[in-house]
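The exercises below are to be worked with the sequence and the coordinates open. Each gives a task and then a solution in steps.

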Amino acid sequence: MSKRIIGSFSFLVLLLFSINCSSQTITTGVIIGSPFCACSNLNVDFTSTGIFNAGNNYIAELSDASGSFISPVFIGSLSSTSNTGTISCTIPCVAGTGSLYRIRVTSDNPVIIGTDNGIDLTINQNVTASVNAFANIVTICTGAQVDFTATPTNGGATPAYQWQINGTPVIGSTNANYSTTTLNDQDVVTVVMTSSAACVNGSPDTSNSVTITVNSTSPAGVTISASPSTTICAGDQVDFTATGTNSGPAPLYQWQVNGGNVGTNSSTYSTTTLNNGDIVTCIMTSSNVCATNNPANSNSITITVNTVSPAGVSISATSTTICPGDPVTFTATPTNGGANPTYQWTINGTNTGPNSATFTTSGLNSGDVVDVTMNSSSSCATGSPVTSNQLTITVSSTVSASVVIIASSSTICSGQQVDFTASPTNGGIAPTYQWQINGTNVVGATNSTYSSSSLGNGDIVTCVMTSNASCVTGSPATSNSINVTVNPTVNTAINIISSSSVICSGTQVDFSASTSGGGNSPIFQWQINGSNVGTNDSTFSSTTLNNNDVITCILTSSEPCANISPITSLPVTITVTPSVVASITIVASNDTICSGDQVDFTAVPVNGGTLPSYQWQINGVNAGTNSSTFSSTTLNDNDVVTCILTSNANCATNSPATSNPISITVITSSVATVSISTSATTVCPGVATDFSAVGVNGGTAPIYDWILNGTSTGVGGTSYTGTFVNGDVISCVMTSNAQCVTSNPATSNQITLTVLPELVIVVDPDTIVSCWDKPVTLTASGANSFEWEPADWLSCTSCASTEAQPTDTTIYTVTGTTGSCTGSATVAVFVHCPDVFVPSGFSPNDDNRNDVFKIYGPPMNEFTMWVYDRWGELVYMSHDQNAGWDGTLFGKKCNTGVYVWMFRGKDPSGRNISISRTNSGSVMLIR
């Protein structure tokens with residue numbers, strides 16, 4: 001039964017197909033626009049014949065890439081029964097690239113399969129455009145050229161480029177390569193690529209950012225110094241030290257003597273073979289790549305080399321045979337004494353004289369032996385100290401010269417001649433004479449005799465004799481004096497004066513007579529109110545005078561030629577006044593003081609007169625001046641001060657008068673001091689340092705002021721905390737409020753802080769890209785010990801160098817410690833496992849770091865690598881994946897520059913390995 005049903009169904013289908021073939025057709029129109037992109041839209045036109053049932057859908061179908069409709073792909077439909085129409089279609093995004101595609105239109109009511117479009121269509125799979133930017137170098141000096149290369153992916157045949165700096169387009173920079181010398185530090189360079197490829201997505205695309213580090217240029221310099229001196233003795237060692245400026249971490253030094261290379265590559269150089277006039281210099285080559293004036297030449301140091309020679313000294317004298325007391329000057333003549341030799345003179349072995357090359361003395365005795373010991377100041381002298389030759393002194397005996405004169409008469413009348421004669425002793429064979437009157441030389445009077453008739457009364461005659469004897473003393477010798485008396489005819493006169501004519505009762509008055517022509521033995525007779533008093537004397541005193549008493553004196557001359565004798569003086573009338581009592585009181589500015597304080601005393605007199613006199617006393621001992629005030633800063637505890645007043649008031653009694661005593665209390669002074677301390681004078685940068693101050697004799701409320709580098713900080717109190725820089729000097733000033741304190745304000749000791757340099761921890765490399773299955777080595781420097789964290793995937797967490805093998809991108813922090821100071825740095829290990837890794841540059845300088853350019857990646861089959869120069873000339877080719885280009889061609893070093901590389905290779909499964917569709921790029925060779 002089922003076979004019959006199946007057979008009937010088959011027949012029905014065949015019948016219907018036969019009917020439809022004869023009544024409905026669909027013709028797919030021509031399709032324009034090939035090639036098409038996957039995911040793109042297009043319109044498919046069609047025409048049909050026959051009747052299509054209600055609800056019919058015209059369906060557009062896409063063949064496979066070979067044009068086969070065995071498994072057609074639905075791309076669009078149109079619900080219609082019309083015999084013409086256009087179907088809006090979309091090419092599947094999964095459609096593979098091919099050039100044999102066809103499109104046909106079918107219907108579903110009835111089911112009709114139409115013709116295809118009749119022409120092969122091309123469909124391209126969509127691709128994504130991208131661009132990478134590479135720089136031949138990313139760390140440069142100011143003004144250096146950087147070459148950038150854009151490597152496009154799916155850029156098409158004619159991609160367009162626009163280079164940008166910090167997001168701003170660079171005018172005119174529209175090629176795949178871009179070079180510039182005007183970049184600034186941290187400038188970010190990108191390139192925007194607009195692809196010309198078909199079926200491209202992501203266009204225009206902006207490349208990765210290339211950040212440029214620009215180091216400023218600065219001149220290198222070097223100065224040298226010599227120790228201990230530039231003036232030396234032959235064979236002495238001189239140590240030279242070079243101090244570089246902008247020298248970099250590993251400068252090179254070349255020392256030179258007179259332009260010839262010496263020494264080693266070191267900042268110091270020592271030698272013992274220098275000659276006089278040698279010139280020492282140093283050439284420093286900075287390792288700072290941005291240093292100018294490189295290499296730098298130092299200053300020149302010229303060496304003075306003194307020969308080693310013995311020291312010596314000899315002496316001479318102005319004379320070795322002398323008279324007693326004659327001065328003798330000795331002179332020392334040194335040999336190799338240096339600039340400042342020292343001398344020690346001796347007489348008979350006993351040190352004497354000054355530290356001088358000359359020595360003068362007048363106290364030598366006969367037989368004295370004089371020499372000198374010289375200590376040379378020349379560092380190159382031998383045999384020092386050295387003693388001179390000896391000089392022996394001979395002293396002759398002395399004789400004393402003198403002269404005596406006599407006169408024919410010493411008392412004469414006016415105009416009478418007097419004859420004088422000189423008699424010398426030890427005058428020698430030819431003594432000389434000079435006669436004098438009243439000490440004045442008489443012109444022409446140079447003989448042993450002298451006569452004169454013009455002498456005046458009281459003239460004094462002497463003679464000076466100059467001996468020419470040897471070793472004579474007392475020459476020139478002055479004779480005895482002869483006083484000449486000349487008696488003329490004279491007038492007699494007398495005048496009396498009194499010590500006072502106005503007196504107090506009982507006061508003594510002294511009278512004296514002034515006379516002329518009285519002779520040698522005058523006679524005086526004093527009288528009061530005409531009555532004789534007193535004695536035969538030129539003076540008279542009395543304490544019993546009364547008011548209005550009249551005193552006179554009668555003179556009787558002894559002169560034989562006196563013209564008036566006796567003669568009475570003019571009278572002196574005495575006035576007697578009543579007495580007053582003198583007294584004195586003193587006051588002090590303060591009677592309780594500190595040691596050394598000044599106290600001012602003032603005297604207040606009573607009946608002191610117009611010119612009183614004062615005598616101040618301390619403990620009964622005279623002090624001060626004749627003044628009504630007295631000041632002192634030297635009073636001691638319990639000193640008693642008084643003042644004695646002597647009045648000049650008329651008729652003052654109780655004079656001198658003694659004042660009241662004032663007793664002084666002196667408080668002993670104390671010295672204010674302050675000292676500061678700190679727990680450490682050597683600290684790490686940024687670490688706070690605590691200081692404390694301890695004051696002595698500061699009183700109950702001392703004031704503290706902390707000083708930083710000589711300037712007040714405004715911080716008070718006994719403690720001070722801060723962070724400082726190297727060389728900061730801290731001290732403290734304390735102002736005491738104690739009584740009788742000295743050295744106030746007091747300044748403390750100074751503490752100079754040493755702030756250690758900041759630890760700069762360097763990690764090499766500072767950023768690294770690794771594949772998770774390959775360890776990388778991280779090396780830190782700049783400290784004595786290190787600690788890495790996190791500890792994950794590290795071979796050692798406390799080593800300077802450790803291996804890291806993280807499975808994910810990890811940022812490691814290393815903390816370095818030297819002493820108590822720490823510093824840190826970070827390194828990012830990016831885990832990325834591309835098919836291959838190609839360096840952007842290499843430096844074949846034989847330092848075992850980045851010396852060879854090669855392709856890094858998994859083992860490859862069918863491997864080939866090519867390297868071309870800028871002119872397209874092949875400079876290297878190899879089939880050995882593990883080999884690499886060392887930057888040479890036929891054994892010669894290639895120039896610094898950009899080179900183009902290409903490679904081909906397959907993995908063990910036969911899959912092509914690539915880093916880009918072109919498997920090419922550029923590399924910078926750096927010398």
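Predicted model: local features only at pLDDT ≥ 70, side-chain atom pairs only at ≥ 80, totals over all residues.

**Exercise 1**

Which residue forms a salt bridge with Glu-862, and how far apart are the closest N and O atoms?

Solution. 

Step 1. The partner of Glu-862 is Lys-906, with the closest N and O atoms 3.8 Å apart. The cut-off for a salt bridge is 4 Å between a side-chain nitrogen of Lys or Arg and a carboxyl oxygen of Asp or Glu, so the pair at 3.8 Å counts.

Step 2. Lys-906 has a relative accessible area of 28% and is partly exposed. Glu-862, with a relative accessible area of 60%, is exposed.

**Exercise 2**

Find the salt bridge partner of Arg-104 and decide whether the two residues are buried or exposed.

Solution. 

Step 1. The structure holds four salt bridges. In one of them Arg-104 is joined to Glu-61, and the closest N and O atoms are 2.8 Å apart.

Step 2. Arg-104 is in strand E8 (residues 103-108) and Glu-61 in strand E4 (residues 57-62), so this pair ties together parts 43 residues apart in sequence.

Step 3. Buried means under 20% relative accessible area. Arg-104 has 14% and is therefore buried; Glu-61 has 15% and is therefore buried.

**Exercise 3**

Describe the salt bridge between Asp-116 and Arg-102, and name the network to which these residues belong.

Solution. 

Step 1. The side chains of Asp-116 and Arg-102 meet at 3.3 Å, N to O.

Step 2. Asp-116 lies in strand E9 (residues 111-116), and Arg-102 in the loop between strand E7 (98-101) and E8; the two residues are 14 residues apart, and the pair links distant parts of the chain.

Step 3. The relative accessible area of Asp-116 is 26%, which means that Asp-116 is partly exposed.

Step 4. Through salt bridges that share partners, Arg-102, Asp-116 and Asp-120 are joined into one network.

**Exercise 4**

Characterise the surroundings of Thr-115.

Solution. 

Step 1. Thr-115 is a residue of strand E9. Its relative accessibility is 41%, so Thr-115 counts as partly exposed.

Step 2. Neighbours within four places in sequence are left aside. The remaining contacts of Thr-115 are Ile-26, Thr-27, Thr-28, Ile-103, Arg-104 and Val-105.

Step 3. Gly-29 is 86 residues from Thr-115 along the chain, and their C-alpha atoms are separated by 8.8 Å.

**Exercise 5**

Where does Val-30 lie, and which residues form a nonpolar surface patch with Val-30?

Solution. 

Step 1. Val-30 is placed in the loop between strand E1 (25-28) and strand E2 (36-37).

Step 2. With 57% relative accessibility, Val-30 counts as exposed.

Step 3. The patch consists of Val-30, Ile-32 and Ile-119, which together have about 340 Å² of accessible area.

**Exercise 6**

Trace the strand pairings of E15 and describe the turn of its hairpin with E16.

Solution. 

Step 1. Strand E15 (residues 160-165) pairs with E18 in the antiparallel sense over six bridges. Here Gln-164 stands opposite Thr-190 of E18.

Step 2. E15 also pairs with strand E16 (residues 168-169), in the antiparallel sense and over two bridges. The bridge partner of Ile-165 in E16 is Thr-168.

Step 3. Two residues separate E15 and E16 in the hairpin, and Asn-166 in the turn has a positive phi of about 55°.

Step 4. Asn-166 and Gly-872 are 706 residues apart in sequence, with a C-alpha to C-alpha distance of 33 Å. Gly-872 is in the loop between E101 and strand E102 (874-878).

**Exercise 7**

Which backbone atoms does the side chain of Ser-195 reach? Classify Ser-195 as buried or exposed.

Solution. 

Step 1. Ser-195 is in the loop between strand E18 (188-194) and strand E19 (200-201). Its relative accessibility is 12%, so Ser-195 counts as buried.

Step 2. A polar atom of the Ser-195 side chain lies 2.5 Å from the backbone oxygen of Asn-154. The side chain of Ser-195 also reaches the backbone nitrogen of Ala-197, at 3.0 Å.

Step 3. Beyond four places in sequence, the residues that Ser-195 touches include Ala-129, Gly-155, Gly-156, Val-200 and Ser-203.

Notes:
Residues numbered from 1 in each chain as written. Heavy atoms only, no water. Helix = DSSP H or I, 4+ residues; strand = E, 2+ residues; numbered from the N terminus. Buried < 20%, exposed > 50% of the residue type's maximum accessible area, 1.4 Å probe, protein only. Polar contact = N/O pair within 3.5 Å; in protein donor to acceptor, adjacent residues only side chain to side chain. Contact = heavy atoms within 4.5 Å. Patch = residues over 30% accessible without salt bridge, like charges linked within 9 Å, V, L, I, M, F, W, Y side chains within 5 Å. Areas by Shrake-Rupley, 256 points an atom, 1.4 Å probe, with all protein chains shown as cover. Pairing = 2+ DSSP bridges.
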